[in-house]
Number of protein chains: 2
Amino acid sequence: MVKPIPVLEVFGPTIQGEGMVIGQKTMFVRTGGCDYRCSWCDSAFTWDGTGKSEALQPEEIINRLDALAPSQYKHVTISGGNPLLHQGIAQLIEQLNERGIKTAVETQGSLWQDWLLAVDDVTISPKPPSSGMKTDWDKLDYFIDTLEPSQLSLKVVVFDEIDYAYAKDVHKRYPTTSLYLQVGNEDTTTGDQNRLLTQLLDRYEQLINWTMEDTEMNYVRVLPQLHTLLWGNKRGV
Amino acid sequence: MVKPIPVLEVFGPTIQGEGMVIGQKTMFVRTGGCDYRCSWCDSAFTWDGTGKSEALQPEEIINRLDALAPSQYKHVTISGGNPLLHQGIAQLIEQLNERGIKTAVETQGSLWQDWLLAVDDVTISPKPPSSGMKTDWDKLDYFIDTLEPSQLSLKVVVFDEIDYAYAKDVHKRYPTTSLYLQVGNEDTTTGDQNRLLTQLLDRYEQLINWTMEDTEMNYVRVLPQLHTLLWGNKRGV
Ligand code: SF4
Ligand code: SF4
């Protein structure tokens with residue numbers, strides 16, 4: 001028995017809507033708890049007390065995945081909150097790897113766990129100024145130095161020009177690490193899907209324009225959140 | 001002097017809207033001529049006589065790229081038509097590589113050139129039945145066997161269920177090669193951007209549903225064309 005993992009949602013198969021494996025057919029395991037409090041967090045229910053987590057063993061999580069999609073998944077994404085709070089994920093990753101299933105994790109890069117070394121796709125998403133959080137650059141250096149370039153990417157969510165300037169700082173500090181810029185979703189509660197869609201595409205185009213005009217941002221990728229374009233703010237899809 | 005390359009458009013910087021480097025800031029060089037005649041070709045002007053090409057040397061192409069985006073590009077996409085018709089692209093790739101600029105090429109996989117080995121991102125997009133074309137599987141085998149897995153991906157555009165079945169055949173034949181499914185654009189001429197957007201997102205959702213329900217399609221990625229979502233059928237963006 002390992003220390004159980006607090007789990008808020010297990011769902012899928014669906015597509016990964018963002019980042020380095022955008023479009024990938026994947027299962028999601030969303031863990032509870034975060035050491036950050038981003039102003040615009042789109043999964044605040046993982047840490048603000050509104051979501052209820054269950055303490056699960058790795059085997060129990062795998063049983064749920066198997067029940068949801070019998071022999072129908074080859075990729076599992078562990079998201080949060082910050083999954084790096086949980087040591088028990090080591091065994092989950094190990095058991096998935098043994099079955100030939102690839103794994104992805106996203107984290108802000110504030111807490112290290114050795115099990116990250118066994119994850120196929122690690123997205124480190126340091127939080128820009130609009131989040132209200134401070135970046136621990138030494139921690140981030142450790143992530144970038146320790147992980148393999150092929151398993152690693154940086155992702156910065158951009159809401160405004162100050163965030164964009166922050167993304168440039170990230171790119172200057174880690175020029176050889178793949179960098180993804182992602183449009184921030186300003187309105188994580190609206191149910192007006194048409195307005196949200198227009199808004200998101202406008203802001204995506206603006207972020208593209210900033211990047212295209214910028215002589216210092218060249219080897220970067222600019223992406224929307226596909227699930228938000230498709231399904232708005234609905235959870236668990 | 002090498003045999004000049006027939007060029008229809010040089011444009012950018014813009015984003016790559018599809019496939020394995022989706023979102024990447026890139027320059028585009030579009031070459032003329034194709035050995036295929038796909039029913040739904042969205043760049044028929046490269047081969048149907050409506051577009052006018054210029055015969056350019058690799059240096060001239062690089063000069064145009066430099067003029068468009070002085071010290072502002074690190075990635076060049078060579079598209080067509082079928083760029084594999086042109087031997088002179090070898091020198092273009094070589095000169096870009098020497099300057100530390102990454103390259104991408106998309107081709108249907110019907111004609112081989114050794115210069116493909118020096119391209120960073122090779123997308124092979126065999127054409128599904130709706131195109132009206134026949135796949136030369138032996139040729140395709142050669143592409144898959146000869147290129148490095150890390151530089152290579154397969155992309156199948158899907159318009160209907162018959163195309164989807166074809167995509168499954170591709171995946172079964174090359175199970176370890178990255179496979180991207182892409183929504184076909186049914187209407188490459190409309191200027192009604194709102195209707196097009198709704199249509200494309202509906203069809204994208206349908207393609208996602210097929211893939212999510214399919215126990216034989218697991219390690220695959222499903223993507224829209226981002227440039228079409230943003231800019232509809234406009235050319236040169
Ligand atoms: S790090 Fe992520 S989960 Fe934590 S508060 Fe910020 S956005 Fe939310
Ligand atoms: S292979 Fe590509 S360029 Fe050639 S006809 Fe088909 S879609 Fe058009």
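Guide: Ser43(A) counts as buried because its relative accessibility is 7%, and buried here means under 20% relative accessible area, with over 50% called exposed and anything in between partly exposed (1.4 Å probe, protein chains only). This is a predicted model, in which local features need pLDDT of at least 70 and side-chain atom pairs count only at pLDDT 80 or more, while totals for chains, interfaces and linings use all residues. Residues are numbered from 1 along each chain as its sequence is written, chains are lettered from A and ligands numbered from 1 in the order in which they are written, and side-chain values use heavy atoms, with hydrogens and water left out.

Visitor: Where does Ser43(A) lie, and which residues does Ser43(A) touch?

Guide: Elements are DSSP runs numbered from the N terminus, with helices (H or I) of at least four residues and strands (E) of at least two. Ser43(A) sits in the loop between S2 and strand S3 (54–56) of chain A. Contact means heavy atoms within 4.5 Å, and, not counting residues up to four places away in sequence, Ser43(A) touches Arg30(A), Gly80(A) and Gly81(A).

Visitor: Which annotation does UniProt give to Ser43(A)?

Guide: UniProt positions follow the numbering used here, with shortened feature names, and annotations may be inferred rather than shown by experiment. An unreviewed UniProt entry places a "binding site" at Ser43(A), and the record also gives this feature, again from an unreviewed entry, at Ile15(A), Gln16(A), Gly17(A), Arg30(A) and Ser79(A).

Visitor: Is Arg30(A) buried or exposed, and in which strand is Arg30(A) found?

Guide: Arg30(A) belongs to strand S2 of chain A and is buried, because its relative accessibility is 15%. Beyond its neighbours within four places in sequence, its contacts include Ser43(A), Phe45(A), Ser79(A) and Gly80(A). Gly17(A), in the loop between strand S1 (5–15) and strand S2 (25–31) of chain A, is also buried, at 2%, and among its contacts are Pro224(A), Gln225(A) and His227(A), leaving out residues up to four places away in sequence.

Visitor: Which residues surround ligand 1?

Guide: A residue is near a molecule if one of its heavy atoms lies within 4 Å of it. Around ligand 1 are Cys34(A), Tyr36(A), Arg37(A), Cys38(A), Cys41(A), Trp47(A), Gly81(A), Gln108(A) and Lys127(A), while the residues around ligand 2 include Cys34(B), Trp47(B) and Lys127(B).

Visitor: What are phi of Ser71(A) and omega between Gly12(B) and Pro13(B)?

Guide: Most residues other than glycine have a negative phi, and most peptide bonds are trans. Ser71(A), although not a glycine, has a positive phi of about 40°; Ser71(A) is exposed, with a relative accessible area of 65%, and lies in the loop between helix H1 (58–68) and strand S4 (75–79) of chain A. In chain B, a cis peptide bond with omega of about -5° joins Gly12(B) and Pro13(B), and the bond from Gly80(B) to Gly81(B) is cis, with omega near 5°.
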